[in-house]
Amino acid sequence: LLARYSAMGRKRNGEDYYAVLGVPESATADEIRRAYRQQALLHHPDKNPDRAQEAAIRFKLIAEAYSVLKDPQQRAAYDAGDMSAATAADVDVSVTLSKAHELFRDVFGHEVATRLVHVAADVAPHLQAASSVVADTLGKVAENKQVKAAAQATASGLAKAAETVGQTQMVRGAVAAHRSSLTDQAQSQVAAKRRAELVCRSHMETNLSKLTEHEAKVAKMQQARSSRRPPGFWESAWEWLSQDQEMEDRASDNMAAIEHKQLLSRLRSSQAAWDRSRQELANAEAVVASAQREELAAQQEGSSVSLKDAARAGAFLMGSFVNRVQSQLGAKKPARTSSVT
């Protein structure tokens with residue numbers, strides 16, 4: 001009865017994630033991962049161009065289901081029919097298409113990187129030796145006149161080929177993924193700049209409040225000084241001889257002037273910092289708007305991307321892949337042991 005109630009609670013909140021992946025509720029983590037791989041490959045938008053919109057919706061749902069069920073804490077909350085526990089842990093279970101593609105690359109790229117780690121150590125020496133031989137051979141071939149003529153004749157063909165490739169779904173998807181990552185980075189910068197702007201504004205308002213309080217204190221002191229009761233004859237004579245009150249007033253005025261100068265300097269400095277933070281925030285927001293326009297343009301049907309954009313996307317994906325391989329290599333390095341003598 002409890003299992004039935006939990007399943008009903010999950011379906012009221014949305015799809016049954018176990019049914020989405022095609023696994024039972026008792027499935028292990030490995031079974032859930034294998035099911036995600038199968039379903040993600042089956043419903044990937046690039047493999048279903050005839051029903052791209054429907055496939056994209058299903059692809060996002062599969063990613064959302066895997067994001068919840070692969071995490072023990074979220075899965076326990078989901079099994080209990082109470083996703084508020086996951087929400088309380090600051091977990092966002094909603095998945096955009098961009099996040100779904102990112103999860104797909106992480107899952108499949110991790111396995112490829114792991115396999116490359118085992119091959120890299122054996123292949124690297126042979127590649128280094130072959131690269132020197134190829135470099136010498138290419139240097140000699142490039143001096144041949146026929147090769148130069150063929151290269152010139154091929155240039156226009158390569159340009160047309162690049163234009164054709166730029167219109168393919170795969171290349172546009174890679175460029176869109178790259179621009180999506182740029183959009184995410186720009187949005188992170190906006191969030192950081194917004195926090196910095198709030199801090200600078202708070203400092204400026206604090207300094208302004210201190211300066212205002214100081215000026216009110218000085219005005220009150222001047223008012224009290226002007227309303228003093230006139231001294232008697234002997235008090236006036238003693239004051240004239242000793243000049244104690246005049247010296248005290250002068251010292252108070254000097255201290256007030258110094259404090260006013262310091263507070264005014266702090267206010268001006270914080271005002272300048274706030275102005276800079278607002279300008280930096282405006283610049284970051286402009287970068288986000290531009291990145292979003294470029295990402296949208298890359299995702300539109302019939303659009304074509306330039307060879308330069310495709311190269312940048314390829315460099316981005318390759319860089320991410322190399323970083324993953326390096327992290328795997330670093331994890332497989334044996335730990336250094338130190339002997340105590």
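Trainee: Where is Gln39 found?
Mentor: Gln39 sits in helix H3. Keep in mind that this is a predicted model.

Trainee: Why is Gln39 called buried?
Mentor: The relative accessible area of Gln39 is 19%. Buried means under 20%, so Gln39, at 19%, counts as buried.

Trainee: What does Gln39 touch, leaving aside its neighbours within four places in sequence?
Mentor: Gln39 is in contact with Val20, Leu21 and Ile62. Leu21 in turn touches Gln39, and its other contacts beyond four places in sequence include Ile32, Tyr36, Ile62 and Leu69.

Trainee: How do you know that H3 and H4 are roughly antiparallel?
Mentor: The axes of H3 (residues 29-42) and H4 (residues 52-69) cross at roughly 170° and come within 10 Å. Angles over 145 degrees count as roughly antiparallel, therefore H3 and H4 get that label.

Trainee: Which residues make the contact?
Mentor: From H3 there are Ile32, Arg33, Tyr36, Gln39 and Ala40. H4 brings Phe59, Ile62, Ala63, Tyr66 and Leu69. By class, the residues of this contact are 8 nonpolar, 1 polar and 1 charged.

Trainee: What makes H4 and H5 roughly perpendicular?
Mentor: H4 and H5 (residues 72-79) pack at an angle of about 105°, and their axes are 6 Å apart. The range for roughly perpendicular is 65 to 115 degrees, so H4 and H5 fall into that class.

Trainee: Which residues of H4 and H5 make that contact?
Mentor: Ser67, Val68 and Leu69 come from H4, and Gln74, Arg75 and Tyr78 from H5. They divide into 3 nonpolar, 2 polar and 1 charged residues.

Trainee: How many residues has the largest nonpolar core?
Mentor: That core has 24 residues. Tyr17, Leu21, Val23, Ile32, Tyr36 and Leu69 have the most contacts inside it. At least two residues each come from helix H2 (17-21), H3, H4 and helix H7 (97-142). H4 gives the most, with 8 residues.

Trainee: What lies apart from that core?
Mentor: Another core of 6 residues, with Cys200, Leu211, Leu267 and Trp274 among them.

Trainee: Why does Asn207 count as buried?
Mentor: Asn207 has 14% relative accessibility. Asn207 is in helix H9, and beyond four places in sequence it touches Arg266, Leu267 and Ser270.

Trainee: Is Val175 buried or exposed?
Mentor: Val175 has a relative accessible area of 1%. With the cut-off at under 20%, Val175 is therefore buried. Val175 lies in H9 (residues 169-226). The C-alpha atoms of Val175 and Asp309 are separated by 6.6 Å, and the two residues are 134 apart along the chain.

Trainee: Why is His260 called partly exposed?
Mentor: His260 is at 28% relative accessibility. Partly exposed covers what lies between the 20% limit for buried and the 50% limit for exposed, so His260 belongs there. His260 is in helix H11 (residues 244-299). Not counting residues up to four places away in sequence, His260 touches Leu211, His214 and Glu215.

Trainee: What makes Ala282 partly exposed?
Mentor: Ala282 has a relative accessible area of 36%. Since exposed needs over 50% and buried under 20%, Ala282 is partly exposed. Ala282 is also in H11. From Ala282 to Arg194 is 88 residues in sequence and 9.4 Å in space, C-alpha to C-alpha.

Trainee: How many helices and strands are there in the protein?
Mentor: There are 12 helices and 0 strands.

Trainee: What share of the residues counts as buried?
Mentor: Of the 341 residues, 26% count as buried. The accessible surface comes to about 23400 Å², and 57% of it belongs to carbon and sulfur atoms.

Trainee: What share of contacts between residues at least 6 apart in sequence joins residues at least 24 apart?
Mentor: In this protein, 77% of them do.

Definitions and conventions. Residues are numbered from 1 along each chain as its sequence is written. This is a predicted model: local features need pLDDT of at least 70, side-chain atom pairs count only at pLDDT 80 or more; totals for chains, interfaces and linings use all residues. Side-chain values use heavy atoms; hydrogens and water are left out. Helices (H or I, at least four residues) and strands (E, at least two) are DSSP runs, numbered from the N terminus. Buried means under 20% relative accessible area, exposed over 50%, partly exposed in between (1.4 Å probe, protein chains only). Axes are lines fitted to C-alpha atoms, for helices over the stretch in contact, and angles run from 0 to 180 degrees between N-to-C directions. Angles under 35 degrees count as roughly parallel, over 145 as roughly antiparallel, 65 to 115 as roughly perpendicular and the rest as oblique. Contact means heavy atoms within 4.5 Å. Ala, Val, Leu, Ile, Met, Phe, Trp, Tyr, Cys and Pro count as nonpolar, Asp, Glu, Lys and Arg as charged, and the others, Gly among them, as polar. A nonpolar core is a set of buried Ala, Val, Leu, Ile, Met, Phe, Trp, Tyr and Cys residues joined through side-chain atoms within 4.5 Å. Accessible areas come from the Shrake-Rupley method with a 1.4 Å probe; for residues, only the protein chains shown count as cover.
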